[in-house]
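Have a look at the sequence and the 3D view before reading on.

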Amino acid sequence: DALVFWRRAFGAMTDDQFQKGHAYNIRHNYGMEGKRADYTPYSCHRVIMSNPPGPGDHHGCPFRHFSPERLRAALHKDSLPDAEVREVADLAQAGHYQVACTRHLELRLHRRQQQQQQQQQQQQPDADIRISAVTSPNQYFDLCVGCTKSADTATATTTTTAAILGGALSA
């Protein structure tokens, strides 16, 4: 699942470039290559407070490391309406990076739930999706993938202790 996710996130490069430059490292980080160690992932706090990405780097927290203009553009690309883009961007600009990330995920999952209901022509009232807090990029990923695989989006997005960062916001 992680290889597929990261391959999509690095969509601009060829399969050969991805295999040579990233696939081994991803498998290594999951204990599938090399000494087969299972590494503890960085928390959001560590990603936010550690070294910021430089030119050509593909790490960091978009809510912390993107310029306000770049963050707004990424949120618009993720099909958020203007009011929601402003809400999330204002949280990030105020230094509430994890709150902005959590709110963005709630909005994404709510939109996905609405789309699924429309496709299934269900007339159920909207469930307000709430996540206590995103605390690691892995948790963000797990919640996104869990909702994709789950028919009941609201159940899949309840508070979790699972250990990303989101596809649409990747560099």
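Does C44 count as buried or exposed? At 10% relative accessibility, C44 counts as buried (under 20% relative accessible area is buried, over 50% exposed, in between partly exposed, with a 1.4 Å probe and protein chains only). Keep in mind that this is a predicted model, where local features need pLDDT of at least 70, side-chain atom pairs count only at pLDDT 80 or more, and totals for chains, interfaces and linings use all residues. Residues are numbered from 1 along each chain as its sequence is written, and side-chain values use heavy atoms, leaving out hydrogens and water.

**Cysteines**
- You'll find zero disulfides here (a disulfide is a pair of cysteine sulfur atoms within 2.5 Å).
- C44 is in no disulfide, and its nearest cysteine sulfur, in C101, sits 5.6 Å away.
- C61 has its closest cysteine sulfur in C101 too, but at 6.2 Å that is too far for a bond.
- C61 is buried as well, with a relative accessible area of 9%.

**Helix packing**
- Helix 1 (residues 2-9) packs against helix 2 (residues 15-29) at about 140 degrees, with axes 11 Å apart. (Helices are DSSP runs of H or I, at least four residues, numbered from the N terminus; axes are lines fitted to C-alpha atoms over the stretch in contact, and angles run from 0 to 180 degrees between N-to-C directions.)
- That makes helix 1 oblique to helix 2 (under 35 degrees is roughly parallel, over 145 roughly antiparallel, 65 to 115 roughly perpendicular, and the rest oblique).

Notes
Helix = DSSP H or I, 4+ residues; strand = E, 2+ residues; numbered from the N terminus.
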